[in-house]
Amino acid sequence: GNLEQARDVLLGAGADVVPNDRVIVRGRGVRERGADGDEPGDKQYELTTILPPDIERFPWAGHLGIRLLPQVIEAIDRAKTTLLFTNTRSQSEIWFASLLQAREDFMGRIAIHHGSLDKKLRAKVEAAIDSGSLACCVCTSSLDLGVDFAPVDQVIQIGSPKGLGRFIQRAGRSGHRPGAISKVVCVPTNALELLEFAAARDALQPEANASILGTIEPRVPISLAMDVLVQHMLTLAVGAGFDAEALRQEVRTTAAFAAMTDAQWQWAMEYVQRGGPALGAYDRYQRVTRDEATGLYRCASQMLSRAHRLNIGTITSDTAIAVKFQRGRTLGSVEEGFIAKLKPGDVFAFSGRLLQLVRVQQMTATVRPAPARRSKGQVPSWQGTRMPLSSHLASAMRLRLAEAARGEFRGPEMQAVAPIVRVQQAWSSLPLPGVLVIELIDLPDGHHAFVYPLAGRLVHEGLAAVVAWRLAQAEPRSFTLASGDLGFHLHATSPMPADEATWRAVLSDANLGADLVASMNAAQLARRQFREVARIAGLIQQGFPGEKRSARQTQASSELFFDVFQQFDPGNLLLDQAQREVLERQLELTRMASTLAELRTHAMVITRPTRLTPLAFPLWVDSLREQLSSEKWTDRVQKMLAQLERDANLCR
């Protein structure tokens, strides 16, 4: 969405204006020559949504997807080659296993591809896609970009893509050639995602809603990543060495460090030479010295050089455990936290196989094929990248809801979701453009508030914490919180405020940063984020080959540095960076602030439903999931669902 800014980042700071003979090629708005060779036409997309046979008026997250497996198989059979995109690696493992279990003839004709699989396995799958020998590849964002193979016949998207840019990118994997039609099949994992697919349809077919033409999400570039800068300096020192002044000028030509001050540069030089004020007494942190003969800065010792070479890199994740067969073949890696919960003999699904854990030794999980009698196993969970609803897709959803409020249900998705919309409208209100809906509902277990800013899960997590903290300052009370892509939920034993003035106050953007730090324990979050910063900056190391350190060890080491810096070097720029990254990446402070500023201009509709509404039900389910065991949780959900369906029938 921000191609001009992307161009400026690539060209660097102070670059000349792009000459007239160069153009920006845009994914949207580039017109292709028509079939008759004369009239140009827009890129064409063919979007189909698999509609559930029965629409539940009170949907909840994740309960629908696999139930549509027969329809998904039919769609795969109709095409020669299919990419089936899921939003998480765990979801891809579940779908791959379900497809094989449903159709034995898929064996050898379908494959799985995600970032935790071994590189050789991924390359083999990519070659099979390119040759056209696969009927379907179940994949994640690992096939969104950067992989070159022949276009496939169709794309299947499991669940909402949460963003217009991601949706268009994935859809474009089908018909990826001039004049071809890109075919995408949408599969909801809950009924409310039909609304998101309807909004995404407007992005793919803008003639249906010209107001969102070209609205693709921007990608905000990172600036002043000091951990990356000092690693780059150490890398140059390990090589031929660097001239300090020449490097300073070179670094400032990049967009990321164009605003770097002389003081920040001096801090970086001090850090690579002596480790800063807190670490100056330790030889191991005096990693760079100046060669008086040449004036270049070089690595101080071969030992430090070797350690840096073996730990270089800026991609961080939870410590990975390699998964290998007893005979040595590597399948990929899973996160240490998942394997730590298993004991030898336990069965889990990975790489499209059921595996039995034999042992864990030296950061390697040795496995063997699970016994034939076993048909299911635990699915690994990965932290990965959370995909919150984008503001662009949320705006398109509000426009669709505005149409529905007028009785217009355009397209198959909106016609299918009409029962949900009608019950929501009858019992409460719809979150329309320029309208913030707050529902106050009293249930036997306490008092509930449901707020619908439609700003995405990450923003709602922060807003829920801030609002709860602010309400508790006025009147001591405890809250249970839950958040989703459409809104957030507060549950307390004492009544919620019912006046608009109080809600305006707790939803204010004033002192947001300080209140967010206080409410979310952001200091502790920064301590954990500091592990990534410290690893990139070379303070802690993952270990040498065969001697990898566990996540617990690296976390302990990073927390020790964090505490030392806070006490003896509070101006350390790595501390500042960890705090900034927590607020922006994990808590999305900037987007939270813009959301609250926008809500100031919205009309506020406070309703008092006598029962959970369709929008409130999934949030209530999520909060219940955190409180009860699986069996009790399921019983309560089904009991509440049956009661709400009866009430909805009576209100027809």
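1. A contact here means heavy atoms within 4.5 Å. With that in hand, take the contacts in the protein with a separation of 6 or more: residues 24 or more positions apart account for 71% of them. Keep in mind throughout that this is a predicted model.

2. Some overall bookkeeping next. The protein has 652 residues, and 51% of them count as buried. Its secondary structure comes to 22 helices and 20 strands.

3. On to helix pairs, starting with α2 and α3. Helix α2 covers residues 69-78 and helix α3 residues 89-102; they pack at an angle of about 80 degrees, and their axes are 11 Å apart. The two are therefore roughly perpendicular to each other, since angles of 65 to 115 degrees are put in that class. From α2, the contact takes in Leu-69, Val-72, Ile-73 and Ile-76, while α3 brings Trp-95, Ser-98, Leu-99 and Ala-102. Sorted by class, that contact has seven nonpolar residues, one polar and no charged ones.

4. The other pair is α8 (residues 244-251) with α9 (residues 262-274), packed at about 125 degrees with axes 12 Å apart. That angle makes α8 oblique to α9. As for handedness, the crossing of α8 and α9 is right-handed. Ala-244, Leu-247 and Arg-248 make the contact from the α8 side, and Asp-262, Trp-265 and Met-269 from the α9 side. By class, the contact of α8 with α9 has four nonpolar, two charged and no polar residues.

5. Where does Asp-485 lie? You'll find Asp-485 in the loop between β18 (480-483) and β19 (488-492). Its relative accessible area is 9%, and anything under 20% is called buried, so Asp-485 is buried. The side chain of Asp-485 reaches the backbone nitrogen of Arg-457 at 3.0 Å. Leaving aside residues up to four places away in sequence, Asp-485 touches Leu-454, Ala-455, Gly-456, Arg-457 and His-460, along with Lys-162, Pro-388 and Leu-389.

6. Gln-577 is the next one to look at. Gln-577 sits in helix α19 (residues 573-586) and is buried, with a relative accessible area of 1%. Which backbone nitrogen lies 2.9 Å from a polar atom of the side chain of Gln-577? The backbone nitrogen of Met-226 does. Again not counting residues up to four places away in sequence, Gln-577 touches Leu-224, Ala-225, Met-226, Asp-227 and Val-533.

7. Most residues other than glycine have a negative phi. Phi of Leu-224, though, is near 50 degrees, a positive value. Leu-224 is placed in the loop between α6 (193-204) and α7 (226-238), and is buried, at a relative accessible area of 18%.

8. Asn-511 also has a positive phi, near 55 degrees, and is likewise a residue other than glycine. Asn-511 belongs to the loop between α15 (500-506) and α16 (512-520). Is Asn-511 buried or exposed? At 61% relative accessibility, Asn-511 counts as exposed, because the cut-off for that label is over 50%.

Methods
Residues are numbered from 1 along each chain as its sequence is written. This is a predicted model: local features need pLDDT of at least 70, side-chain atom pairs count only at pLDDT 80 or more; totals for chains, interfaces and linings use all residues. Side-chain values use heavy atoms; hydrogens and water are left out. Helices (H or I, at least four residues) and strands (E, at least two) are DSSP runs, numbered from the N terminus. Buried means under 20% relative accessible area, exposed over 50%, partly exposed in between (1.4 Å probe, protein chains only). A polar contact is a pair of N or O atoms within 3.5 Å; within protein, one must be able to donate a hydrogen and the other to accept it, and residues adjacent in sequence count only if both atoms are side-chain atoms. Axes are lines fitted to C-alpha atoms, for helices over the stretch in contact, and angles run from 0 to 180 degrees between N-to-C directions. Angles under 35 degrees count as roughly parallel, over 145 as roughly antiparallel, 65 to 115 as roughly perpendicular and the rest as oblique. A crossing is left-handed if the near helix is turned anticlockwise from the far one by less than a right angle, and right-handed if clockwise. Ala, Val, Leu, Ile, Met, Phe, Trp, Tyr, Cys and Pro count as nonpolar, Asp, Glu, Lys and Arg as charged, and the others, Gly among them, as polar.
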